[in-house]
Amino acid sequence: MVDATLTPTTRLTVRFHGERSGSAELTWAQRHIWERCRAIAPQEAYFNLHRVIEPPGTCDAAQVARAVRLLVERYEALRTTIGRAPDGQPRQQVAATGELDIDVHEVDVAGDVTSTVELASVEHGGHRFTDDEWPLRVAVVTRSGKVLRVLLTASHVAVDWVGVRLVCGVFAQLLAGDSADLPPATHHPLDEAIAETSPAGRQRAERAAEYWRQTLRTVPHTLATTTGVAEPTERQPRQWSPAGQLRSSAVAMAANLLAERHDATPTSVVLAAFSALLCARSGIDLTSLQLFVGNRFAPQHRDMVTTRVQHGLFAVDLREATFVTAVRRTKGAALCAYRHAQYPPALIQEAIDDVSVQRGLRIDLSFFFHDRTHGVWPGNHTRALEPEPATIADALSRSRYRRDVLWDRHQQLRFDLQARDPWVMLRLAADPRFLSAQEVATVLHGIETLLVTAVRGDFPLADVPALTGLASVCHSREVRSDGCWIAPEVVRLLVSDVPDVTATHIDITGPPTDHRLVAHVATRNPSLSAADLHVACMYRVRSRPGSSTPHHYVIHPHTPHLDPAQRWWESIPIQSQGTGRPPLEPGK
């Protein structure tokens, strides 16, 4: 038996000799993942891609070493480290030559192969890749010299889901000695970095930034409740969040049928149902999510071993919509998100910051949708054989729900979609301050209910709460403003927290569907301006989820006998006033 520390029995060193070396900026997608790894340190291993491969036939460790050598020589991403430019910015460094170790774990005749593989998977899959090491780790489990399993662990900065699938497929061919038919790998991250800095690349980035700016001006700043929000306590840390999984063949069949009827994809049908439920829950007719986008639309990217995934901004307006209307709008909104999901992360962060300051609120983009079906949907090869509505309804009895708890602490909500014929798996996890464990289950079963109902006929989205039992968040202490629910008392407390402010009153003006908040502020600081106040309020908004700043500031001088309980703002002269927002720069 291998001991609990799983010290390798031996270690092989693979010496590789690739065709070229070089250095360049990180590609946009590499930078995207690299920043996220740093953001969740020391839990970077969350992003690792780990695979266990059972070799075809009989092979030994030397054959695995040969296949690994050919694999690393073929794909530059697997022999890339991250260095620093003189200005401190990260750069990809591709090495032509180098050495990579393979851990060999020999299991004796009485040993348990399964437990050894599990222990090795924990150790290798949980490895924290550093910038200066190869982004690939390899281990083998052997018995009497025969390789029983090969373990590959890759950094997400080097490969994404498609990339690791390509790596495993090519590795299996190399291991079997069947590499004669492999086409050459011609497009690598170095090439992509050059393309992204070209005029065409810059134009693509500018189009993406403009789309994000325009969309961010309209999306709700959060889908979560904005009042009574408590920060996570030590007894209920945010990383322990309610989650659930629903395995459903009814969703698979219904989404397929509805996609065929309405010229959509099954994924967009499910996304429409999910968006309708989010609207019902939040009480806002417009829902926004970040979509995981593979960005493998161009021919040179389809078989490229690298990481290509970035986030696309999805926003769909479901006002006065029926379910069929929602499917059509969702399809169009998703296409817009996909088209504008290639960009330098810093450019999009600049857009987020600029729009946040102009709108005077923190835009919460921690709501995610991840389509992991890769375009393969149960039964979509037999669309001509439409199931009867009764058959789909009967499939509801075969659905299985399982409750889970652990999820990423940096996300308010994440919905994953996976497919495995004849069912699909819907997985939802949420910050407990947004959805309870029971509400997670209600949303997942609600998606199923909406799709099965839509098979029988169209219906208005106003019926969603009655159909699913999902209750809307209570907004009794909030008003509608700028497409969001805003709590005036939260805004008043935020302004009151600014130094030298002695009293604050919030006036609510405008129509009920789009209120404006005017802050009357008394201060001891005679030089305090609306711009100063707005900067101070924006700083405080960052630590108050769901809050916002006033639309207009009216500043009054403090008087000795000011009584905050009285209507003091009506009798004290105005010192200055304004929105506090900086003027928009041309093109923004």
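Is I572 buried or exposed? I572 is buried, at a relative accessible area of 9%, where buried means under 20% relative accessible area, exposed over 50% and partly exposed in between (1.4 Å probe, protein chains only).

This is a predicted model, in which local features need pLDDT of at least 70, side-chain atom pairs count only at pLDDT 80 or more, and totals for chains, interfaces and linings use all residues. Residues are numbered from 1 along each chain as its sequence is written, and side-chain values use heavy atoms, with hydrogens and water left out.

1. I572 sits in the loop between strand 20 (552–557) and strand 21 (576–578). Helices (H or I, at least four residues) and strands (E, at least two) are DSSP runs, numbered from the N terminus. Not counting residues up to four places away in sequence, I572 touches H556, P557, T559 and L562; contact means heavy atoms within 4.5 Å. From I572 to R456 the C-alpha distance is 64 Å, and the two are 116 residues apart in sequence.

2. V473 lies in the loop between helix 14 (464–468) and strand 16. V473 counts as buried, at 12% relative accessibility.

3. The largest nonpolar core has 99 residues, of which V270, F274, F323 and L451 touch the most other members. Such a core is a set of buried Ala, Val, Leu, Ile, Met, Phe, Trp, Tyr and Cys residues joined through side-chain atoms within 4.5 Å. Helix 8 supplies the largest share of this core, eleven residues. Leaving aside neighbours within four places in sequence, F274 is in contact with L289, L413, F415, L428, V443 and I447. A second, separate core of 37 residues includes A67, L71, V147 and V164.

4. Helix 8 (residues 266–282) also meets helix 10 (residues 323–339): their axes come within 8 Å and cross at roughly 115 degrees. Axes are lines fitted to C-alpha atoms, for helices over the stretch in contact, and angles run from 0 to 180 degrees between N-to-C directions. On the helix 8 side are S268, V269, L271, A272 and A273; on the helix 10 side are F323, A326, V327, T330 and K331.

5. In helix 15 (residues 488–496), P488, V491, L494 and V495 are buried. These buried residues fall within an arc of 120 degrees seen down the axis of helix 15, so they line one face of the helix; the arc is that of the directions from the helix axis to the C-beta atoms. Their cover includes strand 18 (501–509), strand 19 (516–523) and helix 16 (530–541).
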